[in-house]
Amino acid sequence: MKIGFIGCGNMASAMMGGIIKNQICRPEEITVHDLLPAAVERVKTTFGVSAAESNAAVLAQSELVVLAVKPQFYEEVIREIAPGVQQGQVIVTIAPGKTLAWLAEVFGKELPIVRTMPNTPAMVGEGITAVCPNEQVTPQMLETVLKVLGGFGKAEVIPERLMDAVVAVSGSSPAYIFMLIEAMADAAVAEGMPRQQAYTFASQAVLGSAKMVLETGKHPGELKDMVCSPAGTTIEAVQVLEETGFRSSVMQAMRTCAKKSRSM
């Protein structure tokens, strides 16, 4: 399968790494272009992919094209490549706020478009990608896209109305988790633990806790209760988190994130 990436930033790099590692396609079957030559050189050196001289050249050499540029550049890039889109090519987008209806209007023609929202844990093969195809995407095309996206984590089809919620709950949330890990490590350092060791303990605790939710099928509240022994240390910490608005702070941040996504 020949895949093209227009844009070579962090998200595109994460996707390429997973696709190649899991042998979804060979490095030479991936073609890239970016306005920044340094970005192109970086992914060529890292992954062994091929570089094209323009966005149009990427399109011409690809069956599936990922638009991996920032949302503010989408319209410009789409208008540039729209005339060259051929029958059977699939366009995959990763931009928040750019709806299927908006994308179709800018392209000015009916063509298969799959709107997605991945996240940066794709860099370590643990991404989660929301997938929303338009009516021109055939079941076979969707199967192919899901296979590609599954190369760097999980992928689930969702209705488009949930895409802004996905931006908040998974697209942007790694930043929240990194802040949590940093705060946990800072507190451990204050208690005398060496910093690098503190990062290891905090990170593994987050990783293990997430795995427990996914693999046990238990409600997060039930798992929390399992840690909170009567008159123990954990319930004291939980009380402080409740008093300082931990849950409401996270919820408010996510609602704000989703609101911003809808306005983009």
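Leaving aside neighbours within four places in sequence, which residues is Ala188 in contact with?

**View 1. Ala188 in helix α8.** The answer is Met193 and Ala198, once neighbours within four places in sequence are set aside; contact here means heavy atoms within 4.5 Å. Ala188 belongs to helix α8, and helices (H or I, at least four residues) and strands (E, at least two) are DSSP runs numbered from the N terminus. For a sense of distance, Ala188 and Glu222 are 34 residues apart in sequence and 26 Å apart in space, C-alpha to C-alpha.

*Notes for all views.* Residues are numbered from 1 along each chain as its sequence is written, and side-chain values use heavy atoms, with hydrogens and water left out. Because this is a predicted model, local features need pLDDT of at least 70 and side-chain atom pairs count only at pLDDT 80 or more, while totals for chains, interfaces and linings use all residues.

**View 2. The whole protein, with 12 helices and eight strands.** Along its principal axes, the C-alpha trace spans about 65 × 40 × 30 Å. Of the 264 residues, 39% count as buried; buried means under 20% relative accessible area, exposed over 50%, and partly exposed in between (1.4 Å probe, protein chains only). Among contacts with a separation of 6 or more, 61% join residues 24 or more positions apart.

**View 3. The largest nonpolar core, with 65 residues.** Such a core is a set of buried Ala, Val, Leu, Ile, Met, Phe, Trp, Tyr and Cys residues joined through side-chain atoms within 4.5 Å. Phe5, Ile19, Ile30, Val32, Val66, Leu67 and Phe107 touch the most other members. Helix α1 supplies the largest share of this core, seven residues. Take Ile30 as an example: beyond residues up to four places away in sequence, Ile30 touches Ile3, Phe5, Met16, Ile19, Ile20, Cys25, Val49 and Ser50.

**View 4. The second largest pocket, with a volume of about 940 Å³.** On a 1 Å grid over the protein atoms alone, a pocket is an open set of points where a 1.4 Å probe fits, with protein on both sides within 12 Å along at least five of seven lines; lining residues have an atom within 4 Å of a point. Grid points are joined across faces, edges and corners, and the volume is the space filled by probe spheres set on the points. Of the 37 lining residues, Ala68, Val69, Lys70, Pro71 and Ile94 lie nearest the centre of the pocket. The elements giving two or more residues to this lining are α1 (10–21), α2 (37–47), α4 (74–81), α7 (163–171) and α12 (246–263). Helix α4 gives the most, with four residues. By type, the lining divides into 21 nonpolar, 10 polar and six charged residues; Ala, Val, Leu, Ile, Met, Phe, Trp, Tyr, Cys and Pro count as nonpolar, Asp, Glu, Lys and Arg as charged, and the others, Gly among them, as polar.

**View 5. Asn55 in helix α3 (residues 55–60).** Asn55 is buried, with a relative accessible area of 9%. The Asn55 side chain makes a polar contact with the side chain of Glu80 (3.1 Å). A polar contact is a pair of N or O atoms within 3.5 Å; within protein, one must be able to donate a hydrogen and the other to accept it, and residues adjacent in sequence count only if both atoms are side-chain atoms. Not counting residues up to four places away in sequence, Asn55 touches Ile6, His33, Val77, Glu80 and Ile81.

**View 6. Helix α7 and Ala258 of helix α12.** In α7, the residues Met163, Asp164, Val166, Val167, Ala168 and Ser170 are buried. Their cover includes β6 (113–117), β7 (127–133), α8 (173–190) and α12. Ala258 and Val167 are 91 residues apart in sequence and 6.4 Å apart in space, C-alpha to C-alpha. Ala258 counts as buried because its relative accessibility is 9%.

View 7. Gln23 sits in the loop between α1 and β2 (30–33) and is exposed, with a relative accessible area of 70%. Ala231 is exposed, with a relative accessible area of 82%.
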